[in-house]
Amino acid sequence: MNPFNTRALWPSMIACAMAAALFVLLRQPSNPAERTVVVYASVDSDFALPVFEAFTRETGIHVVSRFDGEETKTTGTAMRLEQMKGHPDGDVFWNSEQSLTLVLANKGVLQSYVSPNAQSIPPEFKDAGGLWTGFGRRARVVTFSDKVKPEDVPKSLDDFANPRWKGRFAVAKPLYGTTLSHLAALTLEIGEEKAFALFRAWRANGVIVAQGNGDVAELVANGAADVGLTDSDDAFSALDRHKPVGFSVIDQTADWHGSFLIPNTVSMLKNCPHPADARAFIDYLLRPETEKWLAENGARQIPVRAVGAKLAPPLDDMKLKPVRIDRARLAEEVLTLGARINKILSGEEK
(Lines give C-alpha, C1' and ligand atoms only; values in the text may rest on other atoms or scores of the structure.)
Protein backbone atom coordinates (compact mmCIF):
# COMPACT_ATOMS: atom_id res chain seq x y z
CA MET A 1 0.00 0.00 0.00
CA ASN A 2 1.24 3.50 -0.77
CA PRO A 3 1.58 5.09 2.70
CA PHE A 4 0.82 8.49 1.23
CA ASN A 5 -2.55 7.37 -0.18
CA THR A 6 -4.19 9.37 2.53
CA ARG A 7 -7.49 9.76 0.69
CA ALA A 8 -8.04 6.09 1.40
CA LEU A 9 -6.88 6.46 4.98
CA TRP A 10 -8.59 9.57 6.21
CA PRO A 11 -10.42 12.28 4.21
CA SER A 12 -9.34 14.99 6.62
CA MET A 13 -5.79 14.68 5.37
CA ILE A 14 -6.88 16.19 2.04
CA ALA A 15 -7.15 19.48 3.88
CA CYS A 16 -3.72 18.88 5.39
CA ALA A 17 -2.24 18.40 1.93
CA MET A 18 -3.71 21.72 0.84
CA ALA A 19 -2.44 23.42 3.98
CA ALA A 20 1.00 21.95 3.43
CA ALA A 21 1.40 24.13 0.34
CA LEU A 22 0.97 27.29 2.43
CA PHE A 23 4.45 27.35 3.92
CA VAL A 24 5.86 30.42 5.57
CA LEU A 25 8.70 31.83 3.48
CA LEU A 26 10.67 33.57 6.18
CA ARG A 27 13.68 34.68 4.21
CA GLN A 28 14.30 35.10 0.50
CA PRO A 29 17.74 35.68 -0.96
CA SER A 30 18.09 39.31 -1.96
CA ASN A 31 20.13 38.43 -5.03
CA PRO A 32 19.58 35.33 -7.18
CA ALA A 33 23.37 35.01 -7.54
CA GLU A 34 23.81 34.62 -3.79
CA ARG A 35 24.36 31.14 -2.42
CA THR A 36 21.14 29.70 -1.05
CA VAL A 37 19.84 26.59 0.65
CA VAL A 38 16.12 25.88 0.99
CA VAL A 39 15.29 23.98 4.19
CA TYR A 40 11.97 22.34 4.86
CA ALA A 41 11.60 22.01 8.60
CA SER A 42 9.08 20.50 10.98
CA VAL A 43 11.13 21.90 13.85
CA ASP A 44 9.64 24.80 15.78
CA SER A 45 10.84 28.04 14.23
CA ASP A 46 11.90 29.37 17.64
CA PHE A 47 14.53 26.63 17.77
CA ALA A 48 15.46 26.50 14.09
CA LEU A 49 15.84 30.17 13.19
CA PRO A 50 18.83 30.83 15.47
CA VAL A 51 20.58 27.87 13.81
CA PHE A 52 19.77 29.23 10.34
CA GLU A 53 21.04 32.69 11.28
CA ALA A 54 24.28 31.34 12.77
CA PHE A 55 24.85 29.21 9.67
CA THR A 56 24.40 32.24 7.39
CA ARG A 57 26.75 34.39 9.48
CA GLU A 58 29.45 31.73 9.30
CA THR A 59 29.09 30.64 5.68
CA GLY A 60 27.41 33.51 3.86
CA ILE A 61 24.81 31.03 2.54
CA HIS A 62 21.25 32.34 2.86
CA VAL A 63 18.61 30.01 4.24
CA VAL A 64 15.12 29.98 2.77
CA SER A 65 13.17 28.36 5.59
CA ARG A 66 9.84 26.62 5.07
CA PHE A 67 7.87 25.56 8.10
CA ASP A 68 4.61 23.69 8.42
CA GLY A 69 1.88 24.32 10.98
CA GLU A 70 1.57 22.59 14.34
CA GLU A 71 -1.56 20.71 13.33
CA THR A 72 -0.05 19.02 10.27
CA LYS A 73 3.59 18.88 11.26
CA THR A 74 5.42 16.55 10.14
CA THR A 75 2.82 14.81 7.99
CA GLY A 76 1.97 17.85 5.89
CA THR A 77 5.63 18.48 5.09
CA ALA A 78 6.21 14.84 4.17
CA MET A 79 3.20 14.81 1.87
CA ARG A 80 4.43 17.94 0.14
CA LEU A 81 7.91 16.48 -0.39
CA GLU A 82 6.48 13.19 -1.71
CA GLN A 83 4.40 15.13 -4.23
CA MET A 84 7.58 16.84 -5.51
CA LYS A 85 9.59 13.62 -5.69
CA GLY A 86 12.46 13.98 -8.12
CA HIS A 87 11.91 17.70 -8.76
CA PRO A 88 11.84 19.40 -5.34
CA ASP A 89 11.83 23.14 -4.79
CA GLY A 90 13.93 22.60 -1.67
CA ASP A 91 17.22 21.04 -0.67
CA VAL A 92 17.09 19.73 2.89
CA PHE A 93 14.48 18.21 5.19
CA TRP A 94 15.14 18.85 8.87
CA ASN A 95 12.57 16.65 10.55
CA SER A 96 11.82 16.91 14.27
CA GLU A 97 11.11 13.17 14.36
CA GLN A 98 12.09 10.00 12.53
CA SER A 99 9.23 7.88 11.21
CA LEU A 100 8.20 10.04 8.25
CA THR A 101 11.83 10.45 7.26
CA LEU A 102 11.87 6.65 7.03
CA VAL A 103 8.74 6.78 4.86
CA LEU A 104 10.33 9.32 2.52
CA ALA A 105 13.47 7.21 2.28
CA ASN A 106 11.35 4.23 1.23
CA LYS A 107 9.57 6.39 -1.35
CA GLY A 108 12.81 7.44 -3.04
CA VAL A 109 12.40 11.11 -2.08
CA LEU A 110 15.85 11.37 -0.43
CA GLN A 111 19.37 11.08 -1.75
CA SER A 112 22.48 9.79 -0.02
CA TYR A 113 24.89 12.14 1.69
CA VAL A 114 27.28 11.02 4.43
CA SER A 115 28.48 14.10 6.26
CA PRO A 116 31.99 13.98 7.74
CA ASN A 117 30.43 15.38 10.92
CA ALA A 118 28.30 12.24 11.25
CA GLN A 119 31.34 10.07 11.89
CA SER A 120 30.99 10.38 15.67
CA ILE A 121 27.24 9.67 15.63
CA PRO A 122 26.43 6.07 16.69
CA PRO A 123 25.30 3.78 13.85
CA GLU A 124 21.81 3.29 15.28
CA PHE A 125 21.13 6.96 14.47
CA LYS A 126 22.20 6.76 10.82
CA ASP A 127 20.86 5.18 7.68
CA ALA A 128 23.34 2.64 6.35
CA GLY A 129 22.98 4.13 2.88
CA GLY A 130 23.37 7.74 3.99
CA LEU A 131 19.77 8.75 3.31
CA TRP A 132 19.33 10.35 6.73
CA THR A 133 21.22 11.09 9.93
CA GLY A 134 19.80 11.46 13.43
CA PHE A 135 20.97 13.80 16.16
CA GLY A 136 19.55 15.59 19.22
CA ARG A 137 16.62 13.76 20.80
CA ARG A 138 13.53 14.82 22.68
CA ALA A 139 11.66 12.60 25.12
CA ARG A 140 8.01 11.67 25.37
CA VAL A 141 6.94 12.90 28.78
CA VAL A 142 3.96 13.26 31.05
CA THR A 143 3.34 16.87 32.03
CA PHE A 144 1.28 17.56 35.14
CA SER A 145 -0.29 20.54 36.85
CA ASP A 146 0.54 21.79 40.31
CA LYS A 147 -2.68 20.15 41.53
CA VAL A 148 -1.07 16.73 41.07
CA LYS A 149 1.30 15.39 43.70
CA PRO A 150 4.59 14.13 42.23
CA GLU A 151 4.01 10.69 43.68
CA ASP A 152 0.64 10.47 41.89
CA VAL A 153 1.94 11.33 38.43
CA PRO A 154 1.32 8.52 35.90
CA LYS A 155 4.41 6.36 35.53
CA SER A 156 3.43 4.57 32.33
CA LEU A 157 0.97 4.77 29.47
CA ASP A 158 -1.13 2.13 31.23
CA ASP A 159 -1.81 4.61 34.03
CA PHE A 160 -3.87 6.88 31.77
CA ALA A 161 -6.62 4.29 31.99
CA ASN A 162 -6.85 4.81 35.78
CA PRO A 163 -10.30 6.24 36.71
CA ARG A 164 -8.61 8.94 38.80
CA TRP A 165 -7.71 10.69 35.51
CA LYS A 166 -11.17 10.33 33.94
CA GLY A 167 -11.73 13.32 31.67
CA ARG A 168 -8.56 14.97 33.02
CA PHE A 169 -5.78 13.75 30.73
CA ALA A 170 -4.84 14.92 27.26
CA VAL A 171 -3.12 13.36 24.24
CA ALA A 172 -2.40 14.93 20.85
CA LYS A 173 -4.24 13.69 17.77
CA PRO A 174 -2.18 10.73 16.49
CA LEU A 175 -2.14 11.83 12.85
CA TYR A 176 0.98 13.97 13.00
CA GLY A 177 4.47 14.23 14.40
CA THR A 178 5.72 12.47 17.48
CA THR A 179 2.36 11.25 18.76
CA LEU A 180 1.84 9.46 15.46
CA SER A 181 5.32 7.90 15.65
CA HIS A 182 4.99 7.03 19.33
CA LEU A 183 1.62 5.31 19.29
CA ALA A 184 2.31 3.53 15.99
CA ALA A 185 5.63 2.21 17.31
CA LEU A 186 3.89 1.06 20.48
CA THR A 187 1.29 -0.81 18.43
CA LEU A 188 3.95 -2.55 16.35
CA GLU A 189 5.85 -3.58 19.47
CA ILE A 190 3.08 -4.98 21.69
CA GLY A 191 0.61 -5.92 18.95
CA GLU A 192 -2.66 -4.44 17.81
CA GLU A 193 -4.81 -6.39 20.26
CA LYS A 194 -3.07 -5.02 23.37
CA ALA A 195 -2.38 -1.55 21.98
CA PHE A 196 -5.90 -0.97 20.69
CA ALA A 197 -7.33 -2.25 23.97
CA LEU A 198 -5.23 0.38 25.77
CA PHE A 199 -6.38 3.15 23.45
CA ARG A 200 -10.01 2.10 23.90
CA ALA A 201 -9.47 2.23 27.66
CA TRP A 202 -8.18 5.78 27.28
CA ARG A 203 -11.25 6.69 25.25
CA ALA A 204 -13.57 5.14 27.83
CA ASN A 205 -11.72 7.15 30.48
CA GLY A 206 -12.53 10.43 28.72
CA VAL A 207 -9.27 11.24 26.97
CA ILE A 208 -9.03 14.81 25.70
CA VAL A 209 -7.69 14.69 22.12
CA ALA A 210 -5.82 17.91 21.38
CA GLN A 211 -4.61 19.19 18.01
CA GLY A 212 -0.91 19.00 18.88
CA ASN A 213 1.62 18.40 21.61
CA GLY A 214 1.90 22.11 22.30
CA ASP A 215 -1.86 22.19 22.87
CA VAL A 216 -1.55 19.31 25.34
CA ALA A 217 1.02 21.26 27.34
CA GLU A 218 -1.25 24.34 27.29
CA LEU A 219 -4.28 22.39 28.47
CA VAL A 220 -2.31 21.22 31.50
CA ALA A 221 -0.73 24.62 32.09
CA ASN A 222 -4.14 26.33 31.98
CA GLY A 223 -5.84 23.80 34.25
CA ALA A 224 -8.11 22.25 31.61
CA ALA A 225 -6.35 18.92 32.16
CA ASP A 226 -4.36 17.54 35.06
CA VAL A 227 -1.90 15.42 33.09
CA GLY A 228 -0.93 15.06 29.46
CA LEU A 229 1.29 13.09 27.11
CA THR A 230 3.57 15.44 25.19
CA ASP A 231 7.20 16.11 24.19
CA SER A 232 9.93 17.40 26.46
CA ASP A 233 10.40 20.61 24.44
CA ASP A 234 6.73 21.52 24.90
CA ALA A 235 7.04 20.89 28.64
CA PHE A 236 10.15 23.07 28.80
CA SER A 237 8.31 25.79 26.90
CA ALA A 238 5.62 25.86 29.58
CA LEU A 239 8.24 26.00 32.33
CA ASP A 240 10.08 28.81 30.56
CA ARG A 241 6.84 30.79 30.61
CA HIS A 242 6.56 30.13 34.35
CA LYS A 243 3.47 27.97 34.03
CA PRO A 244 2.55 25.91 37.12
CA VAL A 245 3.56 22.54 35.68
CA GLY A 246 6.12 19.80 36.00
CA PHE A 247 7.06 16.83 33.87
CA SER A 248 8.77 13.48 33.93
CA VAL A 249 9.86 10.98 31.30
CA ILE A 250 7.20 8.30 31.06
CA ASP A 251 7.61 4.54 30.73
CA GLN A 252 5.67 2.70 28.04
CA THR A 253 3.56 -0.28 29.13
CA ALA A 254 3.83 -3.49 31.13
CA ASP A 255 4.87 -5.21 27.90
CA TRP A 256 7.34 -2.58 26.64
CA HIS A 257 9.56 -0.82 29.15
CA GLY A 258 11.79 2.16 28.53
CA SER A 259 11.78 5.76 27.35
CA PHE A 260 10.52 6.79 23.93
CA LEU A 261 13.16 9.20 22.62
CA ILE A 262 12.68 11.04 19.34
CA PRO A 263 15.77 11.98 17.34
CA ASN A 264 15.83 14.82 14.89
CA THR A 265 16.73 13.66 11.40
CA VAL A 266 18.28 15.57 8.53
CA SER A 267 18.32 14.46 4.91
CA MET A 268 19.04 15.76 1.44
CA LEU A 269 16.26 15.81 -1.14
CA LYS A 270 16.89 13.93 -4.37
CA ASN A 271 17.73 16.21 -7.32
CA CYS A 272 17.70 19.27 -5.08
CA PRO A 273 18.54 22.58 -6.77
CA HIS A 274 21.45 23.56 -4.47
CA PRO A 275 23.32 20.35 -3.62
CA ALA A 276 26.62 21.95 -2.57
CA ASP A 277 24.89 24.36 -0.19
CA ALA A 278 22.65 21.55 1.05
CA ARG A 279 25.73 19.55 2.02
CA ALA A 280 27.20 22.60 3.75
CA PHE A 281 24.03 23.07 5.80
CA ILE A 282 23.84 19.40 6.77
CA ASP A 283 27.49 19.51 7.82
CA TYR A 284 26.75 22.53 10.00
CA LEU A 285 23.65 20.99 11.57
CA LEU A 286 25.54 17.79 12.42
CA ARG A 287 28.48 19.52 14.08
CA PRO A 288 28.95 18.55 17.74
CA GLU A 289 28.84 22.27 18.55
CA THR A 290 25.37 22.59 17.00
CA GLU A 291 24.08 19.54 18.84
CA LYS A 292 25.50 20.98 22.08
CA TRP A 293 23.73 24.28 21.45
CA LEU A 294 20.44 22.48 20.82
CA ALA A 295 20.90 20.61 24.10
CA GLU A 296 21.51 23.71 26.16
CA ASN A 297 19.05 26.07 24.47
CA GLY A 298 15.60 26.03 22.93
CA ALA A 299 14.30 22.49 22.87
CA ARG A 300 16.90 21.17 25.38
CA GLN A 301 17.54 18.13 23.24
CA ILE A 302 19.38 15.03 24.44
CA PRO A 303 22.54 14.52 22.34
CA VAL A 304 23.13 11.18 20.66
CA ARG A 305 26.89 11.48 21.30
CA ALA A 306 29.19 13.04 23.86
CA VAL A 307 29.28 16.77 23.11
CA GLY A 308 29.95 18.13 26.60
CA ALA A 309 26.44 19.51 27.01
CA LYS A 310 24.95 20.41 30.36
CA LEU A 311 21.43 19.00 30.27
CA ALA A 312 18.53 20.79 31.90
CA PRO A 313 16.70 19.17 34.82
CA PRO A 314 14.95 16.78 35.03
CA LEU A 315 16.72 15.28 32.01
CA ASP A 316 20.13 15.83 33.59
CA ASP A 317 19.69 13.26 36.36
CA MET A 318 17.63 10.60 34.56
CA LYS A 319 18.97 7.23 33.53
CA LEU A 320 17.10 6.98 30.28
CA LYS A 321 16.85 3.55 28.69
CA PRO A 322 15.46 4.11 25.20
CA VAL A 323 13.14 1.53 23.72
CA ARG A 324 14.03 -0.06 20.40
CA ILE A 325 11.73 0.34 17.42
CA ASP A 326 11.29 -1.64 14.23
CA ARG A 327 12.17 1.03 11.69
CA ALA A 328 11.30 -1.03 8.64
CA ARG A 329 7.78 -1.81 9.84
CA LEU A 330 7.27 1.71 11.15
CA ALA A 331 8.09 3.13 7.71
CA GLU A 332 5.54 0.82 6.08
CA GLU A 333 2.69 1.10 8.56
CA VAL A 334 2.94 4.38 10.49
CA LEU A 335 0.31 6.35 8.55
CA THR A 336 -2.17 3.50 8.35
CA LEU A 337 -1.86 2.84 12.08
CA GLY A 338 -2.18 6.53 12.89
CA ALA A 339 -5.51 6.72 11.10
CA ARG A 340 -6.83 3.66 12.95
CA ILE A 341 -5.63 4.89 16.34
CA ASN A 342 -7.18 8.29 15.72
CA LYS A 343 -10.57 6.68 15.06
CA ILE A 344 -10.33 4.88 18.38
CA LEU A 345 -9.35 7.94 20.42
CA SER A 346 -11.85 10.22 18.69
CA GLY A 347 -14.71 7.78 19.14
CA GLU A 348 -15.19 7.30 15.38
CA GLU A 349 -14.38 3.59 15.50
CA LYS A 350 -17.27 1.43 14.31
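Reader: What makes β4 and β11 a pair?

Author: Strand β4 (residues 92-95) and β11 are joined in the antiparallel sense over 4 bridges. Two strands pair if DSSP finds at least two bridges between them, so β4 and β11 qualify. Within this pairing, Val92 stands opposite Met268 in β11. Strands here are DSSP runs of E with at least two residues, and helices are runs of H or I with at least four, numbered from the N terminus. The model is predicted: local features need pLDDT of at least 70, side-chain atom pairs count only at pLDDT 80 or more, and totals for chains, interfaces and linings use all residues. Residues are numbered from 1 along each chain as its sequence is written, and side-chain values use heavy atoms, with hydrogens and water left out.

Reader: How do you know that β5 and β11 pair?

Author: DSSP gives 2 antiparallel bridges between β5 and β11, and at least two are required, so they pair. Leu110 has Leu269 of β11 as its bridge partner.

Reader: Why is Tyr113 called buried?

Author: The relative accessible area of Tyr113 is 16%. Buried means under 20%, exposed over 50% and partly exposed in between (1.4 Å probe, protein chains only), so Tyr113 is buried. Tyr113 lies in the loop between β5 (110-111) and β6 (133-145).

Reader: What makes the link between the side chains of Tyr113 and Asp283 a polar contact?

Author: The distance is 2.7 Å. A polar contact is a pair of N or O atoms within 3.5 Å; within protein, one must be able to donate a hydrogen and the other to accept it, and residues adjacent in sequence count only if both atoms are side-chain atoms. The pair therefore meets the distance limit.
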